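Here are some friendly notes to read with the model open beside you. Take the points one at a time and find each residue as you go.

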Amino acid sequence: MKRHSVVRCLGLLGLFLFISPAFSTEDTAFTESVVIFNTICAKCHEAQCSGRLSFDDAFERSSNHILRHYNQASGKQWLQKELFDILLYMKEKCAYYPIQSPVPLKRIWGEDILEKFTTLMARNYFIPVGKFSPGTYRIELELEKDVKVTAHLISDEFDMAVDDCYQSSDRRINIPVLIEEPGDYYLRMYPREPVKLIRLKITPEEREVH
Ligand code: HEC
């Protein structure tokens with residue numbers, strides 16, 4: 001009996017191992033749509049909380065509009081639909097579409113995780129960085145090469161703690177942050193030219209004692 005159940009367990013494990021890559025690919029594809037939406041479409045549609053669409057046949061009517069703003073979705077009906085669904089979610093829930101990704105314990109992200117949160121061509125980033133309480137922090141970015149980037153740190157309630165442009169030096173950028181509103185935060189980055197983010201670290205900043 002015992003032996004039998006072990007075999008069954010192993011069988012299940014095998015099945016799980018067999019299925020899981022398919023799941024993770026799907027997950028990655030959807031995460032990419034969320035990143036595309038929250039970097040490109042968000043320029044106009046962020047925090048649009050009207051709760052409804054203007055037209056019943058909105059998806060059919062919006063295809064050209066979606067392609068105008070994101071040409072790489074051309075011929076990819078599934079991607080257009082995902083972007084559309086993400087807008088629906090934002091309008092109805094007044095929130096970012098949830099991204100399933102645990103925040104690393106010490107808030108240090110390596111290149112492999114960061115690759116999940118970028119768009120292929122332009123290398124815009126939208127990274128869930130987790131919950132923050134009010135206080136001072138420092139964001140450290142390490143890039144593949146020197147470049148100018150626009151960075152936003154924005155909460156799930158759409159409070160902007162950082163909204164500025166930075167020039168890296170020696171491939172690094174340090175951004176001091178003052179968080180006033182507690183919340184779940186996202187780091188958004190638009191590089192002037194495509195660049196890989198190699199490392200991201202966010203640390204609490206000790207207050208200076210006078
Ligand atoms: C430069 C601004 C801008 C950008 C960028 C933009 N949109 Fe729009 N979008 C609009 C405006 C304006 C409307 C019409 C008014 C409205 O419903 O918000 C609209 C309407 C829509 C609609 C129809 C909504 C409805 O209520 O019927 C969809 C769907 C849509 N956009 C999706 C997207 C997607 C997906 C992207 C990114 C690939 C995107 N848009 C990028 C400005 C923009």
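1. Start with the shell around the ligand: α1 (2-45), α2 (58-69) and α3 (77-93) each supply at least two residues of it. Helices here are DSSP runs of H or I with at least four residues, strands are runs of E with at least two, and both are numbered from the N terminus. This is a predicted model, in which local features need pLDDT of at least 70 and side-chain atom pairs count only at pLDDT 80 or more, while totals for chains, interfaces and linings use all residues. Residues are numbered from 1 along each chain as its sequence is written.

2. Which residues come nearest to the ligand? Of the 17 around it, they are Cys-41, Cys-44, Leu-53, Ser-62 and Leu-83. A residue is near a molecule or strand if its C-beta atom, placed from the backbone, lies within 6 Å of it. By class, the shell has 11 nonpolar, five polar and one charged residues. Ala, Val, Leu, Ile, Met, Phe, Trp, Tyr, Cys and Pro count as nonpolar, Asp, Glu, Lys and Arg as charged, and the others, Gly among them, as polar.

3. The axes of α2 and α3 are 10 Å apart, at an angle of about 105°. Axes are lines fitted to C-alpha atoms, for helices over the stretch in contact, and angles run from 0 to 180 degrees between N-to-C directions. The two helices, α2 and α3, are therefore roughly perpendicular to each other; angles of 65 to 115 degrees get that name, those under 35 count as roughly parallel, those over 145 as roughly antiparallel and the rest as oblique.

4. On the α2 side of this contact you will find Phe-59, Ser-62, Ser-63 and Ile-66, which meet Gln-80, Lys-81, Leu-83 and Phe-84 in α3. Contact means that the C-beta atoms of two residues, placed from the backbone, lie within 7 Å. The residues of this contact divide into four nonpolar, three polar and one charged.

5. Next come the strands. An open sheet of four has the order β1-β8-β3-β6, with antiparallel pairing. Its edge strands, β1 (108-110) and β6 (172-179), each pair on one side only. From one strand to the next, the twist averages 15°. Two strands pair if DSSP finds at least two bridges between them. Strands β3 (residues 135-143) and β8 (residues 197-204) are joined by seven bridges, and the partner of Glu-142 in β8 is Arg-199.

6. Strand β7 (residues 183-191) runs antiparallel to β2 (residues 125-132), with seven bridges joining them. There, Pro-128 has Tyr-186 as its bridge partner. Strand β4 (residues 148-155) also pairs with β7 in the antiparallel sense, over seven bridges, and Thr-150 stands opposite Tyr-190.

7. Most residues other than glycine have a negative phi. Ala-47, in the loop between α1 and α2, has a positive phi near 60°. Is Ala-47 buried or exposed? With 12 other C-beta atoms within 10 Å, Ala-47 is exposed. Arg-171, in the loop between β5 (160-167) and β6, has a positive phi near 65°.

Terms used. A residue is buried if 20 or more other C-beta atoms lie within 10 Å of its own, exposed if 12 or fewer, and partly exposed in between; C-beta atoms are placed from the backbone.
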